[in-house]
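Thanks for coming. I will go through a few side-chain contacts, and you can follow along on the screen.

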Amino acid sequence: FILSKNNWVVDLQAYTKKVVGISSRGYDFQTNESENPTVGDAHIKGLDLFVKKRVNKDLKIWASYTLSEINMMFREISRSLFPADFHQKHNFQCTAQVKFGSLQLATGFSYSSGLPFTDILSFMPVNSPMSQDDPYSINYARINSKTLEDLVELNLSINYQFGIFNNSDKGYLGLSNVNVLNRENQYSRSVFIDNPIMSPPRISELNKANLPATMNMSLRFEF
């Protein structure tokens, strides 16, 4: 469904699909059963909404929202569907852009549900000559049954266009601030057994996050 009227554009799409023949090699499910590669399916359904409004020649606003569910099935790893590594139920983005002569300001806001990960419930040492490479028996939670915190990011940018050499050529100066709110937006978590020196083994986490609040500057010329 697409509607375009009075400087409004609305695009609404619903979809469902099944992708077969997916290899588990591209995923890290962190389970005892996922050591050997296998083939499975992905089950996807969702709703996409896009809205754009041109207020005037100098001001534009657009927003998008996605409601989705992405599950996977690998019968040799799990007897039931489980969330895909990249499953995010809610995903919202909004951008506004305004011009004041040669000056352009833009702001972008995004929100998305936290990504899933697999937790470790407990573990036990394995005292066996055959277990030197894998000395622990690990009890994993259900695959991707836990989720990270939601991701929220606000970005700002300023761009200025100026003329050089009698205005026959142009220069562009840009300033931007990524992640103004300085949130620790984690997009990955690996849970593992850590065995530090002179300390008992313990369950530890390795987290990966997007950039903290970061300023950028760019200068470009067109001749």
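Take Thr38, which touches Ile22, Ser23, Ser24, Phe74, Glu76 and Ile77, leaving aside residues up to four places away in sequence. Contact here means heavy atoms within 4.5 Å. Thr38 is found in the loop between strand S2 (8-23) and strand S3 (39-56). Strands are DSSP runs of E with at least two residues, helices are runs of H or I with at least four, and both are numbered from the N terminus. Is Thr38 buried or exposed? Its relative accessibility is 8%, so Thr38 counts as buried. The cut-offs are under 20% relative accessible area for buried, over 50% for exposed and partly exposed in between, with a 1.4 Å probe and protein chains only.

Two notes on the source. This is a predicted model, in which local features need pLDDT of at least 70 and side-chain atom pairs count only at pLDDT 80 or more, while totals for chains, interfaces and linings use all residues. Residues are numbered from 1 along each chain as its sequence is written, and side-chain values use heavy atoms, with hydrogens and water left out.

Now the cores. A nonpolar core is a set of buried Ala, Val, Leu, Ile, Met, Phe, Trp, Tyr and Cys residues joined through side-chain atoms within 4.5 Å. The largest one has eleven residues, including Ile22, Phe74 and Ile77. Strands S3 and S4 each supply at least two residues of this core. Another core, of seven residues, lies apart from it, and among its members are Phe117, Tyr136, Ile138 and Leu148.

Next, charges. How many salt bridges are there? The count is seven, where a salt bridge is a side-chain nitrogen of Lys or Arg within 4 Å of a carboxyl oxygen of Asp or Glu. One of them joins Asp41 and Lys18, with the closest N and O atoms 3.9 Å apart. Asp41 lies in strand S3 and Lys18 in strand S2, so this pair ties together parts that are 23 residues apart in sequence. Asp41 is buried, at 19% relative accessible area.

Lys45 and Glu69 also meet in a salt bridge, at 3.9 Å from N to O. Because Lys45 is in strand S3 and Glu69 in strand S4 (residues 59-73), the pair ties together parts 24 residues apart in sequence. Lys45 is partly exposed at 45%, and Glu69 counts as partly exposed at 35%.

Arg220 has two partners to mention. Its side chain meets that of Glu222 in a salt bridge, 2.8 Å from N to O. The charged end of Arg220 also sits over the ring of Tyr172, 4.3 Å from its centre. For that, NZ of Lys or CZ of Arg must be within 6 Å of the ring centre and within 35 degrees of the ring normal. Lys52 does likewise with Trp62, its charged end being 5.9 Å from the ring centre.

Last, the rings. There are four aromatic pairs, counted for rings of Phe, Tyr and Trp (its six-membered ring) with centres within 6.5 Å; planes under 30 degrees apart are stacked, over 60 edge-to-face and the rest tilted. Phe162 and Phe221 have centres 6.4 Å apart and planes at 85°, so they are edge-to-face. Phe162 lies in strand S12 (residues 151-164) and Phe221 in strand S16 (residues 214-222), so the pair ties together parts 59 residues apart in sequence. Ring pairs link Tyr160, Phe162 and Phe221 into a cluster. Phe162 is partly exposed at 22% relative accessibility, and Phe221 is partly exposed at 40%.
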